Amino acid sequence: MSEHITYYAYLDSPIGQILVAGDGDAVSCISFTTGHLVRQPDPEWVDDAAPLRAATEQLEQYFAGERRRFDLRLAMEGTVFQKRAWEVLLTIPYGEAWSYGQVAEALGSPGSARAVGRANATNPLPLVVPCHRVVGADGTLTGFGGGLSAKQWLLRFEGALPVPHEDTGQSALF
């Protein structure tokens, strides 16, 4: 498979269709078909699921509750800071949610919570690089490319989002 060809496929999931793209060796794009950051296949991409089988199988295993970490080669383009932030996201354990400040602390850059938020917003591989596990300092759900309902579903699915308190109807993570 040529590294100059980008293949794509759609995967059905409990939170809607997901676009998966890559060159057959590494995954370069995962996008939701709903939310505010919907990515469409580029015209030169090739509609072929076969080269993406490892990625789609691992995503199916994740949604079936059979996988908590992904084992895929990732092709992520971004700034040095974005790549460092995405590396920290990979360390957030399944079933946990961290605040943007906690991610900034883990980066060794405690004042960079807003920059962490911007890096999350540009994450080309949500789910695999779990930006959905990052929440506001007070535990509130904040932006997510697939929409807040998808983020809420993912956090509940992973056990990171508690059941709402009976007395207030509010959820709190911290």
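## Aromatic pairs

Nine aromatic pairs are present in this predicted model, a pair being two rings of Phe, Tyr or Trp (its six-membered ring) whose centres lie within 6.5 Å. A pair of aromatic rings is described by the distance of the centres and the angle of the planes. Planes under 30 degrees apart count as stacked, over 60 as edge-to-face and the rest as tilted.

Residues are numbered from 1 along each chain as its sequence is written. Local features need pLDDT of at least 70 and side-chain atom pairs pLDDT 80 or more, while totals for chains, interfaces and linings use all residues, and side-chain values use heavy atoms, without hydrogens and water.

## Y8 and W45

The ring centres of Y8 and W45 are 6.4 Å apart and the planes meet at 45°, so this pair is tilted. Y8 sits in strand β1 (residues 7–11) and W45 in the loop between β3 (27–32) and β4 (46–47), 37 residues apart. Helices (H or I, at least four residues) and strands (E, at least two) are DSSP runs, numbered from the N terminus. Both Y8 and W45 are buried, that is, under 20% relative accessible area (1.4 Å probe, protein chains only).

## Y62 and Y94

Y62 and Y94 pair edge-to-face, with 6.4 Å between centres and 80° between planes. Y62 belongs to helix α1 (residues 53–63) and Y94 to the loop between α2 (80–89) and β5 (98–99), so the pair ties together parts 32 residues apart in sequence. Y62 is buried at a relative accessible area of 0%, and Y94 is buried at 17%.

Ring pairs join Y62, F63, F70, Y94, W153 and F157 into a cluster.

Conventions
Buried < 20%, exposed > 50% of the residue type's maximum accessible area, 1.4 Å probe, protein only.
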